[in-house]
Amino acid sequence: MAAKRQETVLEVDDLSIVYRTKRGDVKATNHVSFSLKQGEAMALIGESGSGKTTISLALIRKLPKNAVITSGSIEYRHNGEIQDVLRLSKRQLRAFRWKDCAMVFQGAQNAFNPVLKIHKQFEDTARSHGWTDKQAVRERALNLLELVRLDPERVYDSYPHELSGGMKQRTLLALGVLLNPQIVILDEPTTALDILTQRAIIDVLNDMQRQLHFSIIFISHDLSLAAEMADTVATVYAGEIVEMGGVNDIFYQSLHPYTYGLLTSVPTLAQEQDLLQSIPGSPPNLIHPPSGCKFHPRCAFATAACSQDEPPLIQDFGAHLAACWHKKALAESREERVS
Amino acid sequence: MTAPIIELKNVYRQFKKGREPVPVLQDINFSVNKLEFLCLVGESGCGKTTTGKIICGLLPPSSGAVEFEGRDIAQLKGADYRRFRRAVQIIHQDPYASLNPTQTVFDMLSYPLSAHKLARGRRGIAQRVRDLLDLVDLTPVEDFIDKYPHQLSGGQRQRVSIARALTTEPAVIIADEAVSMVDVSIRIGLLQMMMDLRDRLDVTIVFITHDLALAKYFAWEGRIGVMYLGRLVELGPTQRLIGSPQHPYTRVLLSAIPEPDPEKTRNKEHIKLRSEDIPRLTDLPAGCTFHPRCPWYEEGLCDSAVPELLIPRGLDGGVKVACLPLEHGKELKLHES
């Protein structure tokens with residue numbers, strides 16, 4: 001599934017976001033940088049409260065009112081043009097959302113208006129982006145509904161309550177790509193769905209991506225989903241990307257103790273008996289985050305240096321980046337475990 | 001093998017939706033042996049939570065019986081009934097909903113102790129509460145004992161839930177999706193703690209989950225029961241069930257689950273269902289309820305009779321399956337698609 005044309009569609013540079021709250025500033029995103037290539041599927045993985053959703057909301061400028069972007073830029077590239085998403089006017093933003101970058105929210109089964117038929121919701125979306133030809137919208141919608149393996153005619157003329165959770169999720173994916181966006185952001189696309197429904201969604205997403213060539217950013221705490229769908233994986237911890245690389249790098253050669261800890265805490269089916277270990281402690285308070293490396297209070301490899309200096313996110317080989325002072329110790333420990 | 005501590009005999013349970021009866025559980029038969037690792041798995045709506053509630057007496061079966069140590073719990077009265085309720089406890093799924101927001105950890109743990117007279121005097125109760133928090137690793141105890149639920153993280157709340165279930169020194173704990181709501185990184189720690197408590201306190205844990213990988217980890221030495229639309233469709237030793245699943249539904253489920261390993265998960269063969277629509281409980285298909293979706297469906301057989309949970313002909317290893325073709329000793333071959 002590796003991206004063939006390596007054109008960058010999105011470039012996030014040094015993005016920082018804080019939420020202003022009564023108790024202080026929540027540093028939800030800290031100096032996050034990444035780029036997304038055309039046709040690439042990128043996974044943001046991490047625990048709840050790690051800042052995954054904040055990053056993705058910033059990409060479409062849908063942050064809550066108390067959020068302030070304190071640094072950084074988000075560049076969107078399309079047909080040789082470069083737009084700074086953070087500087088778009090209200091009107092430009094309306095056009096940007098959905099048409100260039102669509103987001104399918106978590107628990108999206110509830111995203112439909114319950115009193116409107118599905119076709120009305122497709123038409124409304126199209127119209128608000130200046131597409132008024134109902135017949136053309138219908139044709140495109142039916143094609144997309146077929147692509148997500150639904151009975152197009154029936155679904156298009158249904159009310160949301162007439163569809164099951166999995167059907168709604170698929171309909172929403174179809175609605176998400178109605179305007180042919182370049183980037184689709186999926187927030188926990190399979191959470192709260194049954195196993196067989198999850199499988200259907202994964203297969204449908206793969207089909208859609210193959211045919212429509214959009215880029216995906218998906219947020220998930222489900223490592224298996226990332227293993228199956230992502231080209232690139234970024235691990236988010238305490239509002240920072242602590243590791244980023246190709247899916248195989250991350251799963252087989254992880255260089256950050258947090259990523260490694262996540263991987264060794266997930267049971268598998270394929271393995272014989274799993275040797276699992278969970279990460280001690282809990283995610284840090286982002287109002288008063290720990291000094292130095294934010295993972296150090298939970299890290300088995302931490303030394304005194306870790307609590308003082310924050311390790312930079314740097315690459316050692318290839319495109320694999322990790323922010324840790326003890327990559328070598330981690331690699332050795334992994335080898336011991338394997339043998 | 002020791003005598004079963006819990007036994008379900010032909011348990012049916014209906015709910016009503018308006019006037020329409022909804023069969024949530026049908027013909028459930030299985031037993032829980034003392035200290036075995038038993039796990040019930042299935043998708044939402046399969047009846048696994050209802051089964052859990054019926055085991056601990058929170059819901060009566062519509063027909064059939066639940067036996068605790070060989071005695072029908074519906075017949076228990078007075079002191080015997082109280083003893084049963086003390087002996088079988090449940091941990092609910094959502095630690096945000098199952099703890100009273102107006103009570104401190106101390107309140108929640110001390111109440112059952114005094115109500116059941118399990119500890120005496122203010123000192124005795126306080127000591128027992130401290131011991132319980134210690135058991136679930138909420139230490140130092142001072143940091144937690146006076147906290148309200150909103151001051152605790154999800155994982156800590158679930159530990160309080162576990163401690164609360166332990167207050168009555170139960171013989172059986174039903175853990176209903178007890179780790180599903182906590183973060184991946186601490187899920188296994190919580191599960192390992194529960195497995196450890198089983199050894200230390202001699203408590204049998206029935207683990208209910210939708211996550212087969214988690215079930216496999218928990219019940220590696222035990223058994224897994226797979227439920228579909230209110231029926232138990234396969235029950236057998238975990239390693240056998242995961243390694244060579246028999247019932248079509250179990251096979252499809254196992255083939256559908258993604259693995260946290262890019263190569264394995266991308267090369268996994270997925271068995272295709274004939275239909276992705278899940279039948280409604282109010283309008284169940286005739287015969288085997290899985291037949292409209294089953295890739296191995298045999299016309300005239302599967303839609304004719306409801307299969308019973310049996311040891312199929314020619315199959316050893318302690319696996320029970322509810323599938324008519326398997327019952328007749330047939331091999332399952334995939335239809336041409």
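Reader: Over how many bridges do β9(B) and strand β10 (residues 231–237) of chain B pair?

Author: This is a predicted model, in which local features need pLDDT of at least 70, side-chain atom pairs count only at pLDDT 80 or more, and totals for chains, interfaces and linings use all residues. Residues are numbered from 1 along each chain as its sequence is written, while chains are lettered from A and ligands numbered from 1 in the order in which they are written. Helices (H or I, at least four residues) and strands (E, at least two) are DSSP runs numbered from the N terminus, and two strands pair if DSSP finds at least two bridges between them. β9(B) and β10(B) meet this condition in the antiparallel sense, and the bridges number 6.

Reader: Which residue stands opposite Glu234(B) in β10(B)?

Author: β9(B) and β10(B) run in the antiparallel sense. Opposite Glu234(B) stands Val226(B).

Reader: Which strands of chain B stand at the edges of the open sheet of 7 strands?

Author: The pairing in this open sheet is mixed, and the order is β6-β7-β8-β3-β9-β10-β11 (chain B). Each edge strand has a single partner, so one side of each lacks a neighbour in the sheet; these strands are β6 (88–91) and β11 (320–321) of chain B.

Reader: What is the order of the open sheet of 4 strands in chain B, and which strands stand at its edges?

Author: With antiparallel pairing, the order of this sheet is β2-β1-β4-β5 (chain B). A strand with a single partner has one side without a neighbour in the sheet, so the edges are taken by β2 and β5 (71–72) of chain B.

Reader: How many residues lie between β1(B) and β2(B) in their hairpin?

Author: β1 (residues 4–17) of chain B runs antiparallel to β2(B), joined by 10 bridges. Within this pairing, Ile6(B) has Val32(B) of β2(B) as its bridge partner. In the turn, Gly18(B) has a positive phi of about 65 degrees, and the residues between the two strands number 2.

Reader: What is the bridge partner of Phe68(B) in β5(B)?

Author: Strand β4 (residues 63–68) of chain B and β5(B) are antiparallel and joined by 2 bridges. The partner of Phe68(B) in β5(B) is Arg71(B).

Reader: Which element gives the most to the side of domain 1 of chain B that touches domain 2 of chain B?

Author: The domain assignment, which is automatic or from a database, gives chain B domain 1 (4–228) and domain 2 (244–327), with 29 Å between their C-alpha centres. Contact is made by 11 residues of domain 1 of chain B with 11 residues of domain 2 of chain B, where a contact means that the C-beta atoms, placed from the backbone, lie within 7 Å. On the domain 1 side, at least two residues each come from β2 (20–33), α8 (212–218) and β9 (223–228) of chain B. With 5 residues, the element that gives the most is β2(B).

Reader: How many residues does α7(A) give to the side of domain 1 of chain A that touches domain 2 of chain A?

Author: Chain A is divided into domain 1 (1–100 + 181–339) and domain 2 (114–178), whose C-alpha centres lie 30 Å apart. The contact takes 15 residues from domain 1 of chain A and 12 residues from domain 2 of chain A. On the domain 1 side, the elements that give two or more residues are α2 (90–99) and α7 of chain A. The element that gives the most is α7(A), and its residues number 9.

Reader: Is α6(A) roughly parallel or roughly antiparallel to α7(A)?

Author: Axes are lines fitted to C-alpha atoms, for helices over the stretch in contact, and angles between N-to-C directions run from 0 to 180 degrees. Helices α6 (residues 165–176) and α7 (residues 195–212) of chain A pack at about 15 degrees, with axes 10 Å apart. Angles under 35 degrees count as roughly parallel, over 145 as roughly antiparallel, 65 to 115 as roughly perpendicular and the rest as oblique. Therefore α6(A) is, relative to α7(A), roughly parallel.

Reader: Is the crossing of α3(A) and α4(A) left-handed or right-handed?

Author: The axes of α3 (residues 118–128) and α4 (residues 134–147) of chain A come within 10 Å and cross at roughly 115 degrees. A crossing is left-handed if the near helix is turned anticlockwise from the far one by less than a right angle, and right-handed if clockwise. The crossing of α3(A) and α4(A) is right-handed.

Reader: How many nonpolar residues does the side of chain A that touches chain B have?

Author: This contact takes 34 residues from chain A and 35 residues from chain B. On the chain A side, two or more residues are given by each of α7, α8 (223–229), α9 (247–252) and α10 (257–263) of chain A. Ala, Val, Leu, Ile, Met, Phe, Trp, Tyr, Cys and Pro count as nonpolar, Asp, Glu, Lys and Arg as charged, and the others, Gly among them, as polar. By these classes, the side has 12 polar and 5 charged residues, and its nonpolar residues number 17.

Methods: Contact = placed C-beta atoms within 7 Å.
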